[in-house]
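Biologist: Could you open the model for me and walk me through a few of its parts?

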Amino acid sequence: MRLWHEQIIHLLPRNQLLGQHRECCALRGNGWMKKHKTVDYIFLYSPYHLFMYHSLVMDEMEKRGYKIAIEWRDKNYRGKIAENYYDLEEKIIESPIYKEHNAEYLIECTENLQKKV
């Protein structure tokens with residue numbers, strides 16, 4: 001499980017892009033606060049950060065012609081099983097959404113992506 005650096009979302013091949021969408025859905029749902037060493041840092045932030053990151057992924061999917069279930073565009077939606085947030089506080093978030101997605105992480109993700117193509 002990995003959240004790709006937001007600057008390369010537009011470069012992700014189909015399988016990685018769709019996989020990223022599935023991972024975001026899982027993390028927004030009952031996967032929230034379920035520890036996994038590669039994404040633990042996201043739990044230091046509001047779930048709104050994940051919503052914003054997921055929005056970038058969904059934007060790219062729509063650019064490529066994929067249809068997104070409209071419910072995922074709602075910041076409070078957490079999937080069919082997890083209880084929705086009542087009114088998740090919106091925040092002004094700078095880029096990168098996660099400070100861990102720094103220049104070093106960009107290089108790591110780029111190298112990892114090159115191995116996949």
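Biologist: How many residues does helix H1 have, and how far does it reach?
Modeller: Helix H1 runs over residues 14-28, which is 15 residues, and reaches 21 Å from its first C-alpha to its last, close to the 21 Å expected at 1.5 Å a residue. A helix here is a DSSP run of H or I with at least four residues, numbered from the N terminus, and its expected span is 1.5 Å times one less than its number of residues. This is a predicted model, where local features need pLDDT of at least 70 and side-chain atom pairs count only at pLDDT 80 or more, while totals for chains, interfaces and linings use all residues. Residues are numbered from 1 along each chain as its sequence is written, and side-chain values use heavy atoms, with hydrogens and water left out.

Biologist: What covers the buried residues of H1?
Modeller: The cover includes H2 and helix H3 (103-116), where contact means heavy atoms within 4.5 Å. Among the buried residues of H1 are His-21, Cys-24 and Arg-28, buried being under 20% relative accessible area with a 1.4 Å probe, protein chains only.

Biologist: Is His-54 buried or exposed?
Modeller: His-54, found in helix H2 (residues 47-63), is buried, with a relative accessible area of 0%. Leaving aside residues up to four places away in sequence, His-54 touches His-21, Cys-24, Cys-25, Arg-28 and Trp-72.

Biologist: Which side chain makes a polar contact with His-54?
Modeller: That is the side chain of His-21, at 2.9 Å; a polar contact is a pair of N or O atoms within 3.5 Å, and within protein one must be able to donate a hydrogen and the other to accept it, with residues adjacent in sequence counting only if both atoms are side-chain atoms.

Technical notes. Helices (H or I, at least four residues) and strands (E, at least two) are DSSP runs, numbered from the N terminus. Buried means under 20% relative accessible area, exposed over 50%, partly exposed in between (1.4 Å probe, protein chains only).
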